[in-house]
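Visitor: I'd like to learn how to read a few features off a model like this. Could you take me through them one by one?

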Amino acid sequence: MVDFNLTPAQAEVREVARDLAARVLAPGRDARERAHAIDPEVIRALATRGLLGVNIPRALGGAARGPVAYAVAVREVAAGDAAVAVTMAVTNMVAEVLNRFGTDEQRQRHIPRLVSGEYFGGAFGLSEPAAGSDAGSLTTRATQDAGGWSLSGQKMWISTGDAAGVIVLWARTGGPGAKGISCFLVEQGAPGLGIGKAEEKMGLRASHTVALSLDDVRVPDSARLGELGGGFRIAMAALDGGRIGIAAQSLGIAEAALGIARKHAADHAGDVGFEAELADMATELDAGWLMTLRAAQLKEAGKPFTVEAAMAKVAASEAANRIVRKAAQVLGPRGLLEASGVPRLVRDCRVTQIYEGTSEVQRLVIGRALLKQD
Ligand code: COS
């Protein structure tokens, strides 16, 4: 049975995240967007509230609140600052990947640093200039010798790739296709790791997105994560959880837009009735949220949730993009002014239909599963 109520522990995470969003994140948000940077204090503020390891065991410094609490937290943080939310989301995802697939040594080395904010987040090094949606065709090469592994190739679209303490990075150790891919841990500052300049993006400007070049980056065998040739499954499993986070992020952005529209409509009650617009916005937001909660609950119960996460991500992100545009419509010309906050929400929302698997990829995952049903 689906339980729509949060447990007291989950509700507490929501309050903590909501308070952070309102009191700490919202005030500096526009300055961060203009500066194209997130200050380390913001990362520390997330860390001290347990928001960088929401679903990580306490023994490793995490908050151990589970996937539902995680989705709740991302939504709240995104309502305050979506650029901070993506940094938070990727860091949680990297910590979870390490927790699930790492050796004790790998966990101990990186997870406490990720969740405590000692690292400026984690990064997820999967995409390449010629391998985005078709992640299984990546060409970064890992070659083994007596000293460990040498990594060479190019990565692209890596959030926080210029600052993250650890980058989970995929490279080819075998033949073509998904089975030839393994996963490695590359630490910031590794010799041979070149970092491109931060992209000038439409939205989420405070979060840096960079290309990485790897030129004979040396890592020991102990920095290989999971099975040799098992890297693609690790990426897919991580992205299943990541997609719940992006669904929640998109809805946090939408919630902020709905809040602005509601306030405007209430203040201008004499103008035109905006009830129908507001109703559609709230209904779509709620539908996306219930789907996100369902995927998170399945994950929490240890059940398969790949399809439900894909459904939540495509439904939520597409709804969120409609909602932010509707907010602009409700505000009329004021909605086009930066000061209204709406243009930033429209900008920040757009990528939720693209990263961590495009809408097309989510539909492929859902459609393939449908065709496999008896
Ligand atoms: N969990 C665990 N394993 C999975 C999985 C999942 N969710 N999805 C696929 N796999 C496994 C499959 O079981 C298969 O293994 P076996 O051959 O042993 O059965 C293997 O991975 C290959 O799967 P598949 O044949 O489905 O791979 P494709 O190359 O067809 O890839 C898509 C399918 C398009 C879904 C995948 O490449 C993808 O998700 N791309 C988007 C990548 C992405 O989101 N990038 C964003 C990066 S972060 S901005």
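Guide: Let's begin with burial: buried means under 20% relative accessible area, exposed means over 50%, and partly exposed is in between (1.4 Å probe, protein chains only). Keep in mind that this is a predicted model, where local features need pLDDT of at least 70, side-chain atom pairs count only at pLDDT 80 or more, and totals for chains, interfaces and linings use all residues. Residues are numbered from 1 along each chain as its sequence is written, and side-chain values use heavy atoms, with hydrogens and water left out.

Visitor: Is Arg-75 buried or exposed?

Guide: Its relative accessible area is 12%, so Arg-75 counts as buried. You'll find Arg-75 in helix H3, residues 66-80. Helices (H or I, at least four residues) and strands (E, at least two) are DSSP runs, numbered from the N terminus.

Visitor: Which residues is Arg-75 in contact with, leaving aside its neighbours within four places in sequence?

Guide: Contact means heavy atoms within 4.5 Å. On that basis Arg-75 touches Ala-248, Leu-251, Gly-252, Glu-255, Leu-285 and Trp-289.

Visitor: And what about Ala-369: where does it lie?

Guide: Ala-369 is in helix H10, residues 359-372. With 25% relative accessibility, Ala-369 counts as partly exposed.

Visitor: Now helix packing. At what angle do H7 and H8 pack?

Guide: Axes are lines fitted to C-alpha atoms, for helices over the stretch in contact, and angles run from 0 to 180 degrees between N-to-C directions. Under 35 degrees is roughly parallel, over 145 roughly antiparallel, 65 to 115 roughly perpendicular, and the rest oblique. Here, H7 (residues 275-300) and H8 (residues 306-331) pack at about 160 degrees with axes 9 Å apart, which means H7 is roughly antiparallel to H8.

Visitor: What is the handedness of the H7 and H8 crossing, and what sits in the contact?

Guide: A crossing is left-handed if the near helix is turned anticlockwise from the far one by less than a right angle, and right-handed if clockwise. H7 and H8 cross in the left-handed way. Their contact includes Leu-285 and Met-291 of H7, along with Ala-312 and Ile-323 of H8. For classes, Ala, Val, Leu, Ile, Met, Phe, Trp, Tyr, Cys and Pro are nonpolar, Asp, Glu, Lys and Arg charged, and the others, Gly among them, polar. The H7 contact with H8 has 14 nonpolar, two polar and seven charged residues.

Visitor: How do the axes of H6 and H9 cross?

Guide: The axes of H6 (residues 231-267) and H9 (residues 342-350) come within 10 Å, crossing at roughly 160 degrees, so H6 and H9 are roughly antiparallel. That crossing is left-handed. Ser-250, Ile-253, Ala-256, Ala-257 and Ile-260 in H6 meet Val-342, Leu-345, Asp-348 and Cys-349 in H9; by class, that's seven nonpolar, one polar and one charged.

Visitor: Last one: how many aromatic pairs does a search of the whole structure find?

Guide: Rings of Phe, Tyr and Trp (its six-membered ring) pair if their centres lie within 6.5 Å; planes under 30 degrees apart are stacked, over 60 edge-to-face, and the rest tilted. The search finds two pairs. Phe-124 and Trp-170 have ring centres 4.6 Å apart and planes at 55 degrees, so this pair is tilted. Phe-124 belongs to strand E1 (residues 122-125) and Trp-170 to strand E4 (residues 166-172), 46 residues apart. Both Phe-124 and Trp-170 are buried. Trp-149 and Phe-184 are edge-to-face, at 5.3 Å centre to centre and 65 degrees between planes.
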